[in-house]
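Here is a friendly note to read beside the model. Please keep the structure open while you go through the points.

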Amino acid sequence: MAIVNYTLEHGAKPTNEQIEEIKNAAKMPIVYDEGSPEFTEEQYAEFSAIARKQREERKRKVVALRLLPATFEKAKKLGKGYTAILSRMIDLCIDDKELLQKCL
């Protein structure tokens, strides 16, 4: 049995041959070996706890800001995702002592 790896360009559709190969692979049993044994319930629980903690650490907090109308309009002109851009700007500013000092 050979391992086949396909990479599709974004938006590309798989060929009929690729679809057939995926369907056949889905029917095959999963075979574990000594190098990658099946996880135990304890390992799943540990990984789950780690994943929950990491998700919580990455979770962004929701805040309300009061912006000048002109500043808000400039931010909106940045287009879709402007709030994420504002968030990154704050992240950069808060870590830049010189820039932060100018804002105080």
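1. Three aromatic pairs turn up in a search of the whole structure. Rings of Phe, Tyr and Trp (its six-membered ring) pair if their centres lie within 6.5 Å; planes under 30 degrees apart are stacked, over 60 edge-to-face, and the rest tilted. F72 and Y82 make an edge-to-face pair, at 6.2 Å centre to centre with 80° between the planes. Because F72 sits in helix α3 (residues 69-76) and Y82 in helix α4, this pair ties together parts ten residues apart in sequence. Helices here are DSSP runs of H or I with at least four residues, numbered from the N terminus.

2. Please note the source: this is a predicted model, where local features need pLDDT of at least 70 and side-chain atom pairs count only at pLDDT 80 or more, while totals for chains, interfaces and linings use all residues. Residues are numbered from 1 along each chain as its sequence is written, and side-chain values use heavy atoms, leaving out hydrogens and water.

3. How exposed is F72? F72 is partly exposed, with a relative accessible area of 31%, and Y82 is partly exposed at 21%. Buried means under 20%, exposed over 50%, and partly exposed in between (1.4 Å probe, protein chains only).

4. Another group to find is the aromatic cluster of F39, Y44 and F47.

5. Now look at V63, in the loop between α2 (41-58) and α3. V63 counts as exposed, with a relative accessible area of 64%.

6. Finally, D95 belongs to helix α4 (residues 82-95). Its relative accessibility is 65%, so D95 counts as exposed.

Key. Helices (H or I, at least four residues) and strands (E, at least two) are DSSP runs, numbered from the N terminus.
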